Amino acid sequence: MAIVVLVLWLFTAGAGFYLLATSNLGRARPAATTPATEPAPAEQATVPAAAAAAAATPSSSKRELRRAARERFDPPSLTAAKNAPAVPGLRSLLEFAHPAFAIVGLGFWLGFTMVHDRALGWIAFGLVTATVCLGLTWYTANTRAARREGPPGSEPAPAFRTPLVLLHGSAATVTFALAALTALILSH
């Protein structure tokens with residue numbers, strides 16, 4: 001069973017690397033700057049984008065209209081801080097951490113498969129759990145970035161092929177489940 005998980009883990013890693021190779025992550029991106037440090041143009045200081053959008057749509061709810069009225073007086077620095085990502089550079093960190101945890105976990109699982117040491121199996125299972133969590137966070141961050149349109153010249157949202165994402169996610173789910181089952185069965 002450990003060998004099946006190892007092969008499935010390798011398949012998942014291969015699908016993930018192919019997914020990275022076919023995405024737009026390898027293309028040159030502009031230098032990352034935080035919107036809070038950039039000076040805002042004068043026309044944005046008078047009417048924030050949210051207030052203008054809420055006032056422009058006739059079907060705005062009362063809540064949106066109240067929010068737009070409050071945001072009218074926000075200074076440009078506050079508007080920029082509200083539009084900034086919660087953790088700047090989160091996607092870049094996840095671009096590194098998700099594959100790194102997967103590769104290290106694969107190494108521990110290979111060691112577990114070769115010597116059947118339970119500690120290696122549980123370490124590998126912990127790493128695959130962390131990898132799944134990082135992958136889901138990365139997917140969520142990319143989905144949110146794709147929905148939100150940034151100003152011209154800002155970093156483009158990563159573009160992945162949906163069937164490949166589904167294949168990678170499905171293989172990762174099965175790998176996670178089989179690794180848990182294998183670690184539980186072989187620990188007794």
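Helices α6 and α7 are roughly antiparallel to each other, because angles over 145 degrees count as roughly antiparallel, those under 35 as roughly parallel, 65 to 115 as roughly perpendicular and the rest as oblique. Their axes come within 8 Å and cross at roughly 155°; axes are lines fitted to C-alpha atoms, for helices over the stretch in contact, and angles run from 0 to 180 degrees between N-to-C directions. Helices here are DSSP runs (H or I, at least four residues) numbered from the N terminus. The crossing of α6 and α7 is left-handed, a term used if the near helix is turned anticlockwise from the far one by less than a right angle. By class, the contact of α6 with α7 has 20 nonpolar, 8 polar and 3 charged residues. Ala, Val, Leu, Ile, Met, Phe, Trp, Tyr, Cys and Pro count as nonpolar, Asp, Glu, Lys and Arg as charged, and the others, Gly among them, as polar.

The model is predicted: local features need pLDDT of at least 70, side-chain atom pairs count only at pLDDT 80 or more, and totals for chains, interfaces and linings use all residues. Residues are numbered from 1 along each chain as its sequence is written, and side-chain values use heavy atoms, with hydrogens and water left out.

On the α7 side, the contact (heavy atoms within 4.5 Å) includes R118, W122 and Y139, and on the α8 side it includes V165, F176 and L186. This contact of α7 with α8 has 12 nonpolar, 1 polar and 1 charged residues. The crossing of α7 and α8 is left-handed.

Helix α8 also packs against α1, at an angle of about 155° and with the axes 9 Å apart; α1 is therefore roughly antiparallel to α8. This crossing, too, is left-handed. Among the residues that meet are W9, F11 and L19 in α1 and V165, H168 and L178 in α8. The contact of α1 with α8 divides into 17 nonpolar, 6 polar and no charged residues.

A pocket is an open set of points on a 1 Å grid over the protein atoms alone, where a 1.4 Å probe fits, with protein on both sides within 12 Å along at least five of seven lines; lining residues have an atom within 4 Å of a point. Of its 35 lining residues, the closest to the centre are L19, H98, G135, V165 and H168. Helix α7 gives the largest share of the lining, 10 residues. The lining comprises 22 nonpolar, 12 polar and 1 charged residues.

Terms used. Helix = DSSP H or I, 4+ residues; strand = E, 2+ residues; numbered from the N terminus.
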